[in-house]
Amino acid sequence: MLSKTFSASPLGIQACLVEVEVELAQGLPQVILVGLPDTALRESRDRILTAIRQSCFPYEPRKLIINLAPADLRKEGSLFDLSIAVGILAAQGIVSQEAVQQYVMIGELALDGAIRPVRGVLPIALSMVKHGKHKLLLPVSNVREASIVSGIECYPVQSLAETVSFLNGETPISAFQFLQDLPSEEIETYHASFDFADVQGQFQAKRALEIAAAGQHNVLLIGPPGSGKTMLAQRLPTILPPMSRGESLETSALYSIVGQLNRERPLLTHRPFRTPHHSASAVALCGGGTHPRPGEISLANHGILFLDEFPEFDRSTLESLRQPMEEGEITIARIQQSLRFPARFLLVAAMNPCPCGFLGDPRNECSCSSREVWRYRHKISGPLLDRIDIQVEVPPLRFHELNSSQKQESSGEIYVRVASAREKQLKRFNGLNIEWNGQMFHRLIKKFCTLGDVESNLLRQAMETFGLSARAHDKILKVARTIADLAGSEHIKVEHLAEAIQYRNLDKAIGNRACILQN
C-alpha cells in the first residue's frame, strides 16, 4: 500500500518542498530509505519505528520503502521524522490519506513519540507559501517562528498520537495566531544602554560614523588602546533606522537556520551587531562547512559587522570578505550544490596604529620600528582597503577632554540627520534596485555624483597625490554624495568633496606615512 505526505528541506535561505512516499511491500522485514538522505536521516529509521510503537499504534515488521523526492536533492537533519511516521501510518490505513496531503509536516520524533523542535522553520514557512502550501504541522516550540509569516496556517502538535488524532478529526487544534509588533522593547533597551552622548570628544570619529550610517559606508577606525573605538562602534546601531519587516524576515530566517532565534520573540527587530573574535576562521566568518551554514557576515545581514583588532585576523580570512562587501551576498560552492546567503552588512573595523599600539600617542612612546609598523599595517591588503569607504583616526583623549562639562550630542539628535539623508536616497534610487549611496555602481555614480570644474581639479590632485585606485575614486564620490545629503545640498560642493578625501588618508601611501610618523 502506498501513501504520500509532504515535508520540506532547507536550501540556503530558501526551502524545497519534499514529497515523502511510503510503500508497504512484500518481502523480508527491512526499511529502505532512498532520496539522498544524510547520516542523521538514515539513523531516523529506528527512532521513527520506536516512536510509532510507543504511541500505541500497530506496526507489523514488513518491507518498508521510503522515498524522498526530488531524489537528486540531498536531505539532511531530523525534521522529516514526523512526515515519515505519518506516512507509514497512512500506508497502514490508520490515518486518512486525503487529510495528510493538506499539510506540510516537520518535526523530530523522540522515542516516546513526543515532537521536538528543529532548525530552519522560518525559511521553510516563507518558501511553502511560494509553493502554494498554506498549512503547516510543526512542533509547539517552533510555532511562533512560523506564524510570523503571512498567508500560512500553523498547527502546533506535541506528539505523534496528537497529530494522528488531529488528522483523523478526533482532536481539534486551532491555527496559532501570533503578532510581534515592530519595533520591540529590545531596541529601546539597546538605545537606553548605548548613546553617543556617553562619548566625550572624538568629534571627527562621530562625524565619520554619522556619514557611514547615512549612506551605508564601511568604516575603519585607527587609534591606540583605550581611545574609544569599540565604544563608538557599539553606538552605531542607535543612529540607524529600524529594520523594515522584509529586512527582519530575511535576517530572522538566517538566524533560524543556525538555531539562534528567540522562540518567544522570533522576529528580529533590532539590527544585528556581530563581533567575531580575530581567531575566527574563514568558514566561521563567511559560512560553509560540509552542510553549508551562514557565517558571521550573513548573521550581520542588515546590521553591523564589527571586526576589532582588524590586522590580527588571518589574511586569507579577511580577503574572503572582498566579494560579499561588493555584492551583498556570498555564494558557498560545493560539489553537490551551491548556496547563496545574503550578507548586506555595514563593516566597522578597528585597529591599533602599530603593533604596540602607541604610534602617534604623545603620552606613550612607541617601541616599534618603521619596518614593523609597515608590516603590521600591510596585513590589510590594498584591494580590501579600497573597499572601506571611510578611514578615520581616533586619537587618545586628554584629561580636559575626558572631564569636559560640554554636553555631547545624543544619538537621537544624530539620528534625525541620518534619517533625513536616508529619505533623500530612497527617493533618488526609487525603482533602481538599490537604496543607499554606498550601494551605487559606476553608472549611477556618473549620474548622481557630477562635479564642477573646481571639484574635478581637487579630486584629480588627490588621486595623483595619494595614488588612489579607480575604486577609491568611486568611494570618494559616494561619501561626498552622502555628505551633501546630510548638508541638504543637491550638488556635491568643494567642502563635501574635501571632507570625503580626508577619509582616504591611509590608502596607497599608508606605508610611507607610517614611516614618516615613526621618524
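How do the residues of the lining of the largest cavity divide into nonpolar, polar and charged? The lining comprises eight nonpolar residues, one polar and one charged, where Ala, Val, Leu, Ile, Met, Phe, Trp, Tyr, Cys and Pro count as nonpolar, Asp, Glu, Lys and Arg as charged, and the others, Gly among them, as polar. The model is predicted, and local features need pLDDT of at least 70, side-chain atom pairs count only at pLDDT 80 or more, and totals for chains, interfaces and linings use all residues. Residues are numbered from 1 along each chain as its sequence is written, and side-chain values use heavy atoms, with hydrogens and water left out.

Confidence comes next. The chain has a mean pLDDT (the predictor's confidence in each residue, from 0 to 100) of 89, and 95% of its residues reach 70 or more. The highest confidence is found in strand β14 (residues 304–307), at a mean of 97, and the lowest in helix α24 (residues 510–518), at 45; helices (H or I, at least four residues) and strands (E, at least two) are DSSP runs, numbered from the N terminus. Residues 508–519 have a pLDDT below 50, and this stretch makes 22 contacts in the model beyond near neighbours in sequence, a contact being heavy atoms within 4.5 Å. Where pLDDT is low, the predicted coordinates should not be read in detail.

On a 1 Å grid over the protein atoms alone, a cavity is a set of points where a 1.4 Å probe fits but cannot get out, whereas a pocket is an open set with protein on both sides within 12 Å along at least five of seven lines; lining residues have an atom within 4 Å of a point. Grid points are joined across faces, edges and corners, and a volume is the space filled by probe spheres set on the points. The structure holds one cavity of 30 Å³ or more, and the volume of the largest cavity is about 50 Å³. Its lining residues include Val 31, Leu 33, Ser 44, Arg 45 and Ile 88. Two or more lining residues come from each of β3 (30–34), α2 (44–54), β4 (63–69) and α3 (81–91), and α2 gives the most, with four residues.

Two backbone features involve the loops around these elements. Cys 56, in the loop between α2 and β4, has a phi near 70 degrees, a positive value in a residue other than glycine. The peptide bond from Ala 69 to Pro 70 is cis, with omega near 5 degrees, and Pro 70 lies in the loop between β4 and α3. Most residues other than glycine have a negative phi, and most peptide bonds are trans.

The largest pocket has a volume of about 980 Å³ and is lined by 35 residues, with Glu 326, Glu 327, Gly 328, Gly 438 and Gln 439 nearest its centre. Of its 27 lining residues, Pro 10, Arg 119, Gly 120, Ile 257 and Arg 293 lie nearest the centre. Helix α11 gives the most to this lining, with three residues.

Two strands pair if DSSP finds at least two bridges between them. Strands β1 and β2 (residues 14–25) run antiparallel and are joined by ten bridges, with Leu 11 opposite Gln 14. The two strands form a hairpin with two residues between them, and Gly 12 in the turn has a positive phi of about 70 degrees. Strand β2 also pairs with β4 in the antiparallel sense, over seven bridges, and Glu 21 has Asn 67 of β4 as its bridge partner.

An open sheet of five strands shows parallel pairing in the order β11-β14-β17-β10-β18. Strands β11 (273–274) and β18 (390–393) stand at the edges with a single partner strand each, so one side of each is left without a neighbour in the sheet. Two bridges link β11 and β14 in the parallel sense, and Phe 273 stands opposite Ile 304 in β14.
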